[in-house]
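Welcome, and thanks for opening the viewer. Please load the model and get your selection tool ready; we will go stop by stop.

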Amino acid sequence: MNGIPVSRSRLRPLILLLGFGFLYLPMLLLIIYSFNSSRLVTVWAGWSTRWYGELLRDQMLMQAVGLSLTIAFFAATAAVVLGTVAGFVLTRIGRFKGESGFAFMITAPLVMPEVITGLSLLLLFVAMGDWLGWPAQRGMSTIWIAHVTFCTAYVAVVVSSRLRELDKSVEEAAMDLGARPLKVFFVITLPIIAPAIIAGWLLAFTLSLDDLVIASFVSGPNATTLPMVVFSSVRLGVSPKINALATIIILIVSLVTFIGWWLMARAERRRAQEAAAARAGG
């Protein structure tokens with residue numbers, strides 16, 4: 001009986017190590033091969049930063065990076081606003097006519113195949129161009145609208161789940177003391193759900209930056225996102241410049257994730273200290 005817990009305790013670190021290796025070993029190899037001096041990504045020819053310089057001199061790739069970052073930023077921001085409003089409607093407004101249809105429309109992009117979503121939006125933009133004269137051509141604006149469409153669903157799910165866990169008695173107590181609903185939202189509700197909003201923004205930003213299928217349907221000849229450029233280049237053979245670009249993205253994401261974790265941990269420690277001080281004072 002005593003040998004079973006010991007064997008399990010030895011097996012868990014092994015399983016954890018294998019899991020982390022499966023997830024992160026390919027990324028480590030990609031980072032190493034981004035410093036390969038050879039043009040062939042599968043043949044090691046020594047250490048070099050050559051491809052980072054080639055990456056910075058590739059105007060088409062740099063324009064695609066700028067376009068993708070711009071679209072992802074504005075799409076995530078708009079999705080946070082719409083998703084937060086949708087989350088409040090789903091959790092804080094009582095039963096209303098069409099509630100089931102509204103909830104279905106909000107969550108539909110989560111389960112809808114990307115090909116269907118992209119084709120539907122393409123047909124919508126073509127019909128709008130014929131009837132309204134806008135958009136005259138597909139480009140950055142149509143990609144942004146398409147990304148806001150499916151990113152809003154993810155933000156709404158994240159925010160609504162946090163709102164369901166929120167204790168309403170705190171808000172009700174503030175309103176009983178004379179605070180208006182708008183002030184209650186900005187002073188009490190918003191700081192509490194801020195981590196969920198930030199998480200929703202980061203999720204929407206990542207989904208927009210990573211999207212290939214939907215952007216391929218709604219983009220035009222003058223708007224090519226980074227995933228589209230990478231996909232088209234990979235079909236002709238992986239360039240070491242792609243490894244260099246992926247390494248930069250991994251490092252930036254890791255840095256942002258670490259900073260976010262550090263800020264959240266510091267805020268959690270501050271709240272714990274304030275709660276302990278309040279208990280001691282009481």
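Is Arg57 buried or exposed? Select Arg57 and look at its surface: with a relative accessibility of 57%, Arg57 counts as exposed. Keep in mind throughout that this is a predicted model.

Glu54 is partly exposed, at 28% relative accessible area.

Next, pick Lys241 and Asp58. They make a salt bridge whose closest N and O atoms are 2.8 Å apart. This pair links distant parts of the chain, with Lys241 in helix α11 (residues 240-281) and Asp58 in the loop between α2 and α3, 183 residues apart. Asp58 counts as buried, at 18% relative accessibility.

Then move to Arg92 and Glu171, another salt bridge, at 2.6 Å from N to O. Arg92 is in the loop between α3 and α4 while Glu171 is in helix α7 (residues 168-176), so the pair ties together parts 79 residues apart in sequence. Arg92 is partly exposed at 24%, whereas Glu171, at 7%, counts as buried. A search of the whole structure finds three salt bridges.

For the last stop, show helices α6 (residues 140-165) and α8 (residues 181-210). Their axes lie 9 Å apart, at an angle of about 150°, and the two are therefore roughly antiparallel. The crossing is right-handed. By class, the contact has 14 nonpolar, four polar and one charged residues.

Conventions. Residues numbered from 1 in each chain as written. Predicted model: local features only at pLDDT ≥ 70, side-chain atom pairs only at ≥ 80, totals over all residues. Heavy atoms only, no water. Axes fitted to C-alpha atoms, helices over the stretch in contact; angles between N-to-C directions. Helix = DSSP H or I, 4+ residues; strand = E, 2+ residues; numbered from the N terminus. Parallel < 35°, antiparallel > 145°, perpendicular 65-115°, else oblique. Left-handed = near helix turned anticlockwise from the far one by under 90°. Nonpolar A, V, L, I, M, F, W, Y, C, P; charged D, E, K, R; others polar. Salt bridge = Lys/Arg side-chain N within 4 Å of Asp/Glu carboxyl O. Buried < 20%, exposed > 50% of the residue type's maximum accessible area, 1.4 Å probe, protein only.
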